[in-house]
Amino acid sequence: MIDVTTTPTARRRASARAGRVIAVVGLALLVGIVCTWVPGVVGTAAAAALPWCGLALAVLIVFALILARRVTLVLLAPALVWSLAMLPSAPGLAAPAPAQSTPIEIVSQNVRAHSGGAAASAAELADMSADVIALTELDGDSLAAARDTLASAYPHSYAIGTVAVWSRYPIADAQPLTLGLDWKRALRVVVNTQDADVAVYVMHAASVRPGVQQERDTMLSGIADAVASDPAASIVVVGDFNAASADPALSAVRSELDWVRPTDGTLGLTWPAALPLARIDHVFVRGLTVLESTTARVGNSDHLATVTTLAG
């Protein structure tokens, strides 16, 4: 008896079927990737999925090479578009420290309100010998716990709403920011470092839920407007932006400041901490050199901390 499944005709038919399925999935991925340039909820969702679209494409290409080689050419288009979409969020390289400059390390973490872990996060961040510590999503108890933990090593601090900053260096010109909302979820201080004054912004963007993201978008536009009119030569913006790296809502901020790329060879994903899927905690700078940028698991928050070393 002849096993027809092994005949050339049967193999060609199986390959053709596999090729059609792969092509359809590739087209769907292409549409999803292109959506990262669409403002609003569509772009926000697509940006969060963007890194994983690349992983799906890689798997699809492997299947194409095994089952339907001709379809591999069809996957070149989504692969190219994915590369272009990811380029602004790709890892970067550490820069050498400028001569006669004193590096400053700034760490930031969303400590998750009511988790009871703010003190642990604060202590572990302080153990890193950070110069500036920024915490977001603070409630009354967690703010008090962080203050008690950091009081001796960080004598200079300022807090408003759900955000706070502690510094080894003196702080001046502290002010709350609403960024277009009716309540304060951001702040600006000037940190008097050994080399220069650095304007430090800390923000906790409003949450994003299905169909509800206008408040977040308002805050992101607000921080872009604030830094655009800021005369400071050196600026750092840190915090929880509730927006993935490629989110179109970050375009205004990116046009005013340099997005700090991870220098550890990763995408710097920060959330959720147990299995990071997206980078929603960011660092932006102007007038400063990025010496190192990475993430760290501290405390029991659902966010990893960002750890950034800068120099003037």
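Which helix gives the most to the lining of the largest cavity? The answer is H2, with 3 residues. The model examined here is predicted, so to speak of its local features requires pLDDT of at least 70, while side-chain atom pairs count only at pLDDT 80 or more and totals for chains, interfaces and linings use all residues. Residues are numbered from 1 along each chain as its sequence is written, and side-chain values use heavy atoms, without hydrogens or water.

Helix H2 spans residues 41–67 and packs on helix H3, residues 76–86, at an angle of about 150°, with the axes 10 Å apart. Helices here are DSSP runs of H or I with at least four residues, numbered from the N terminus; axes are lines fitted to C-alpha atoms over the stretch in contact, and angles run from 0 to 180 degrees between N-to-C directions. The two helices are therefore roughly antiparallel, a term for angles over 145 degrees. On the H2 side, Leu-50, Pro-51, Cys-53, Gly-54 and Leu-57 meet Pro-78, Ala-79, Trp-82, Ala-85 and Met-86 of H3, contact meaning heavy atoms within 4.5 Å. These residues comprise 9 nonpolar, 1 polar and no charged (nonpolar: Ala, Val, Leu, Ile, Met, Phe, Trp, Tyr, Cys and Pro; charged: Asp, Glu, Lys and Arg; polar: the others, Gly among them).

A search of the whole structure returns 1 cavity of 30 Å³ or more, a cavity being a set of points on a 1 Å grid over the protein atoms alone where a 1.4 Å probe fits but cannot get out. The largest cavity has a volume of about 100 Å³, counted as the space filled by probe spheres set on the points. Its lining holds 13 residues, with Pro-51, Met-86, Ser-89, Ser-245 and Leu-269 nearest the centre; lining residues have an atom within 4 Å of a point. By class, 10 are nonpolar, 2 polar and 1 charged.

Methods. Angles under 35 degrees count as roughly parallel, over 145 as roughly antiparallel, 65 to 115 as roughly perpendicular and the rest as oblique. On a 1 Å grid over the protein atoms alone, a cavity is a set of points where a 1.4 Å probe fits but cannot get out, and a pocket is an open set with protein on both sides within 12 Å along at least five of seven lines; lining residues have an atom within 4 Å of a point.
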